[in-house]
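Open the model in a viewer and keep the sequence panel beside it. The stops below say what to select next and what is there.

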Amino acid sequence: MKSLKDIFANLASGGSSNVVGIDIGSSSIKVVEIKEDKEVLSLVTYGELQLGPYALKGIGESVILDAKREQEALVDVMRESATTARKAVFAMPLSSSFVTNVSIEAEPKADLTPLVRIEARKVIPASLNEITLDWAEVEAKKDPAQNKSEKMAASNRHDVLIAAIQNSALERFKVLMQFANLQEPPTEIECFSTIRSLYESADVDTIIIDIGAVSSKLYIAKHGLLMRMHRIRAGGAIATEKIAETMSLSFEEAELRKQNATDKDPDFATLQRAHHSTFERSFREFNQVIREYEQKQGVIKSPIYLCGGGAMFPGIERLLQQVTTREVVKAHPFRKVSAPAFMQDTLKEIGPTFTAALGAALRHFE
């Protein structure tokens with residue numbers, strides 16, 4: 001079994017050289033380049049490229065590209081975005097990885113490594129020889145009302161976060177980076193990049209809902225470390241299919257209507273109902289996961305940060321707020337880097353889409 005030692009660790013700073021964060025989703029690829037100068041992080045450039053056309057599909061459709069087409073897409077987005085960095089950090093999609101929390105019974109100072117391997121075999125649907133594995137113990141809440149025996153039992157329970165990436169996927173992206181003339185980049189799973197871009201050191205808890213093309217993910221982090229993750233098949237491409245069905249449109253027509261939607265449109269109410277119907281059940285399920293976490297760990301004093309391409313649709317944050325009865329904030333990851341004043345409104349508007357890419361780039365400067 002290989003060791004992914006730096007999956008939770010910080011990467012040493014590479015000086016003032018530029019770094020590009022890369023996030024390849026199922027419907028688009030995003031890049032963000034930043035640099036450090038005199039301890040100030042600045043935005044250099046960013047870009048997004050739709051992947052559908054590379055598979056002879058429509059914009060917004062979820063696709064699986066062969067190696068050649070994927071290489072072309074990465075080179076194209078970097079060229080069109082005018083990136084110059086030769087260093088990169090790649091956010092590995094969850095579809096090529098596995099993240100879960102487990103509870104292990106052991107003495108307080110026991111070596112958990114062999115026990116983690118045993119648990120990993122139980123929960124990871126792949127041979128340990130086929131994955132790169134790492135783990136971290138997460139802090140459990142201490143209950144002052146527990147009696148002595150309960151406290152002793154709790155001290156023997158270790159809550160562990162296990163993360164794994166398919167070796168075949170790591171090799172695939174290694175070749176991809178070489179094709180793009182990038183130094184072999186460090187790789188981390190996208191959930192960690194997303195948390196990094198939104199976590200503030202003053203926050204104890206962070207709740208994030210990331211709406212992708214085919215799935216939506218809930219992340220609950222404590223002091224920046226992932227504590228819970230929940231994924232549901234509900235995303236932007238699925239919402240487009242629902243709009244197409246409801247309004248008798250082609251996928252491409254429905255996607256364009258969705259992307260350009262405003263509450264000024266005469267049929268906006270119909271469009272919005274079709275779109276929101278994709279997420280109502282998912283949001284209720286996410287809310288249940290949050291409630292269950294709170295029952296075990298204590299009440300979370302944090303808004304829900306909404307990110308991903310699906311966060312761009314008008315009114316989606318209001319729907320989430322109604323379902324969860326919590327404050328909902330659209331992610332603004334670009335606030336962590338310096339940029340010209342005239343770009344601030346644009347960066348705030350597009351920020352949810354670039355959350356993982358920016359978080360990946362930020363890793364280099366920790």
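A crossing of two helices is called left-handed if the near helix is turned anticlockwise from the far one by less than a right angle, and right-handed if clockwise. This is a predicted model, in which local features need pLDDT of at least 70 and side-chain atom pairs count only at pLDDT 80 or more, while totals for chains, interfaces and linings use all residues. Residues are numbered from 1 along each chain as its sequence is written, and side-chain values use heavy atoms, with hydrogens and water left out. Helices (H or I, at least four residues) and strands (E, at least two) are DSSP runs, numbered from the N terminus.

**Stop 1: two helices**

Select residues 67–81, helix α1, and residues 167–179, helix α4. Their axes come within 9 Å and cross at roughly 45°. Axes are lines fitted to C-alpha atoms, for helices over the stretch in contact, and angles run from 0 to 180 degrees between N-to-C directions. That angle makes α1 oblique to α4; under 35 degrees counts as roughly parallel, over 145 as roughly antiparallel, 65 to 115 as roughly perpendicular and the rest as oblique. The crossing of α1 and α4 is right-handed.

Now show side chains. On α1 the contact (heavy atoms within 4.5 Å) is made by E70, Q71, L74 and V75, and on α4 by R172, F173, V175, L176, M177 and F179.

**Stop 2: the sheet with β2**

Next, display the open sheet of five strands in the order β4-β3-β2-β5-β9, where the pairing is mixed. Two strands pair if DSSP finds at least two bridges between them. Which strands are at the edges? They are β4 and β9 (187–189), each pairing on one side only. From one strand to the next, the twist averages 20°.

Select β2 (residues 19–24) and β5 (residues 87–92): five bridges pair them in the parallel sense. V19 stands opposite K87 in β5. Bring back α1, which packs on this sheet and touches β2, β3 (28–37) and β4. Helix α12 also packs on the sheet, touching β2, β3, β4, β5 and β9.

**Stop 3: α5 against α12**

Select α12 (residues 355–363) together with α5; their axes come within 7 Å and cross at roughly 85°. The two helices are therefore roughly perpendicular to each other. S193, T194, R196, S197 and L198 in α5 meet T355, A356, G359, A360, L362 and R363 in α12.

**Stop 4: the sheet with β10**

A further open sheet has five strands in the order β12-β11-β10-β13-β14, with mixed pairing. β12 (225–232) and β14 (328–330) stand at the edges with a single partner strand each, so one side of each is left without a neighbour in the sheet. Parallel strands β10 (residues 205–211) and β13 (residues 304–307) are joined by four bridges, and D210 has C307 in β13 as its bridge partner. Helix α5 (residues 190–198) packs on this sheet, touching β10, β11 (216–222), β12 and β13.

Zoom in on β11 and β12, which run antiparallel and are joined by seven bridges. These strands form a hairpin with two residues between them, and H223 in the turn has a positive phi of about 50°.
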